[in-house]
Each structure stands twice: as structure tokens, then as C-alpha cells.
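Reader: Hi! I have a protein model open and I'm new to this. Could you walk me through it?

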Amino acid sequence: MTFVTAARPTLVIFDMDDVLCHYDLGRRLRYLATLANTTARDVRAALWDSGFEDAADAGAYPDPSLYLSEFGARLGYAISEEEWVEARRHAMTANSEVLVVAALLKAQADVAIYTNNGPIVKQRLERLLPEAAMIFQQRFCSYEFGTKKPDPKSFARLVDSLGRKPADCWFIDDKKSNVEGARIAGLIGHHYRNPGLLVEEGRRLGFEL
């Protein structure tokens, strides 16, 4: 009996936070609190618990200057773009093991980043996570699609913008709900937990890792 093996994916899409890098929101909150002379708890309440960051990720503030203006108003401090970037960068540590896997995959398929974020992350990745910027030329943030992960529409719009078929795309994310959203949209999904399992799944899909 002959078994037909499905073609391996031609595009591999990585989430950023807690996949390509370790992300510590607490460190970011404390950094912002120091700038604004307030508490990390108040920063979280004003920017995250209020729904502002979720709205920004979903495209409510596509213009960086408008986003920064509203961010600063809620923070109670007129934050500059450089200060915003430094606060974000302060919370990010490259995940070298996954970046090695990404580099190996890049030699066998196209690779891209898809993260729930606004325009500044897209524009300033070289500063925020230079190790990833060296590997990924294709970078997408949810604000571009008017909705965010795990909404299946966000994945459909991403794939459509790239002229790809969902079944040809392998999506990797640390949040199970995001992976489920990708699968509903027809992508191959991997719930990231550690580099070893990622490599194991990549080999199963036909990659040499």
C-alpha cells in the first residue's frame, strides 16, 4: 500500500511574544510606572485593563502618533516613541532556541511574524528584537487587519494579503486559543510549549530540523 504524504507548508508564521522572545509584562509596567511617577498597578489599569491596548491591537489607532497621544493621555505622561520602544524592549528577551529553528525553517520555506500589536512594533522591530529582525522580513501586526487573534478572520485576512492558501501555512503560537482560531481559518496550527516539541512537529510536517 502506498501512503501519500501531504506537501509540507510553504509558509511558517510565528507569534512573537513568548515564542520568538520571552515577554515580561510586569517589567514593562514597572518601566512605564517609573517614567510616569505612578504605580505599575495604575499603569495596567489605565492601558491594559481598560481595553485600550486590545482596541489598539484590533486597529483602533493605526496612526502611531495618534496611538502615542492616547497612550500618553491614559498614562498621565507625554511619552515619546523612543521611550515607548525602550519600555517595550525592556520586557523582551530573545528566545535563541526558537530563533535557531526559525532560521533553519527559513532555508526551507517562507517565514513571517504575526503578532497582536499596533504599528510601532511593526515599524521598530529592529530595535525591539534585532535577533528576529535579521531573520524575518515579513512582519504583520493585528492592527493591519481590523481584528486580532484569535479571530479566524484575522488569519484569513493575513493569508489573503500574502496570496496564500491557508492549508499551506503553519502557524505557531503559545496561546491555545490563537492556534484554534488559526485552525478554524484552515491553517495548520502548533501550540508552542517548548523548542523540542516545535522541532518534533516541524519534522513531522516534513522539515529538516
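This is a predicted model: local features need pLDDT of at least 70, side-chain atom pairs count only at pLDDT 80 or more; totals for chains, interfaces and linings use all residues.

Reader: Got it. Which residues line that second largest cavity?

Author: The lining is made of M16, I113, T115, V121, K122, L125, R139, F140 and C141. Besides β5 (138-141), both β4 and α7 supply at least two residues each. By class, the lining has 6 nonpolar, 1 polar and 2 charged residues.

Reader: And how much space lies in there?

Author: About 40 Å³.

Reader: How many cavities of 30 Å³ or more does a search of the whole structure find?

Author: The search finds 2. The largest cavity has a volume of about 50 Å³.

Reader: What lines the largest cavity?

Author: Its lining consists of E53, A56, D57, Y67, W84, N117, G118, P119, I120 and V121. Helices α3 and α7 (119-123) each supply at least two of the lining residues. Sorted by class, the lining has 6 nonpolar, 2 polar and 2 charged residues.

Reader: How does one even look for empty space like that?

Author: Rolling a probe the size of a water molecule over the atoms shows where empty space is left.

Reader: Which element does the largest share of the pocket lining come from?

Author: The largest share, 3 residues, comes from α3. Helices α1 (25-36), α3 (52-57) and α11 (176-184) each supply at least two residues of this lining.

Reader: New topic: the inside. Which residues have the most contacts inside the largest nonpolar core?

Author: V12, F14, Y67, F71, W84 and F136 have the most contacts in that core, which has 53 residues. Apart from it lies another core of 14 residues, among them Y114, F155, C169 and A182.

Reader: Let me pick F71. What does F71 touch?

Author: Leaving out residues up to four places away in sequence, F71 touches L32, L47, F52, E53, I79 and W84.

Reader: Okay, helices now. Which residues of α6 are buried?

Author: In α6, which covers residues 96-106, the buried ones are V98, L99, V101, A102 and L105. Seen down the helix axis, they fall within an arc of 155 degrees, so they line one face of α6.

Reader: Which exposed residues does the face turned away from the buried side carry?

Author: That face of α6 carries E97 and V100.

Reader: And what covers the buried residues of α6?

Author: The cover includes strands β1 (11-14), β3 (92-94), β4 (110-115) and β6 (169-173), along with helices α9 (130-133) and α12 (195-204).

Reader: While we're on α12, I clicked on G202. Is G202 buried or exposed?

Author: G202, which has its place in helix α12, counts as buried because its relative accessible area is 0%, and the cut-off for buried is under 20%.

Reader: What is G202 in contact with?

Author: Leaving aside neighbours within four places in sequence, G202 is in contact with W170, F207 and L209.

Reader: And how far apart are the C-alpha atoms of G202 and G189?

Author: They are separated by 11 Å, and the two residues are 13 residues apart along the chain.

Reader: Thanks, that helps a lot!

Methods
Residues are numbered from 1 along each chain as its sequence is written. Side-chain values use heavy atoms; hydrogens and water are left out. A nonpolar core is a set of buried Ala, Val, Leu, Ile, Met, Phe, Trp, Tyr and Cys residues joined through side-chain atoms within 4.5 Å. Buried means under 20% relative accessible area, exposed over 50%, partly exposed in between (1.4 Å probe, protein chains only). Contact means heavy atoms within 4.5 Å. Helices (H or I, at least four residues) and strands (E, at least two) are DSSP runs, numbered from the N terminus. The arc is that of the directions from the helix axis to the C-beta atoms. On a 1 Å grid over the protein atoms alone, a cavity is a set of points where a 1.4 Å probe fits but cannot get out, and a pocket is an open set with protein on both sides within 12 Å along at least five of seven lines; lining residues have an atom within 4 Å of a point. Grid points are joined across faces, edges and corners, and a volume is the space filled by probe spheres set on the points. Ala, Val, Leu, Ile, Met, Phe, Trp, Tyr, Cys and Pro count as nonpolar, Asp, Glu, Lys and Arg as charged, and the others, Gly among them, as polar.
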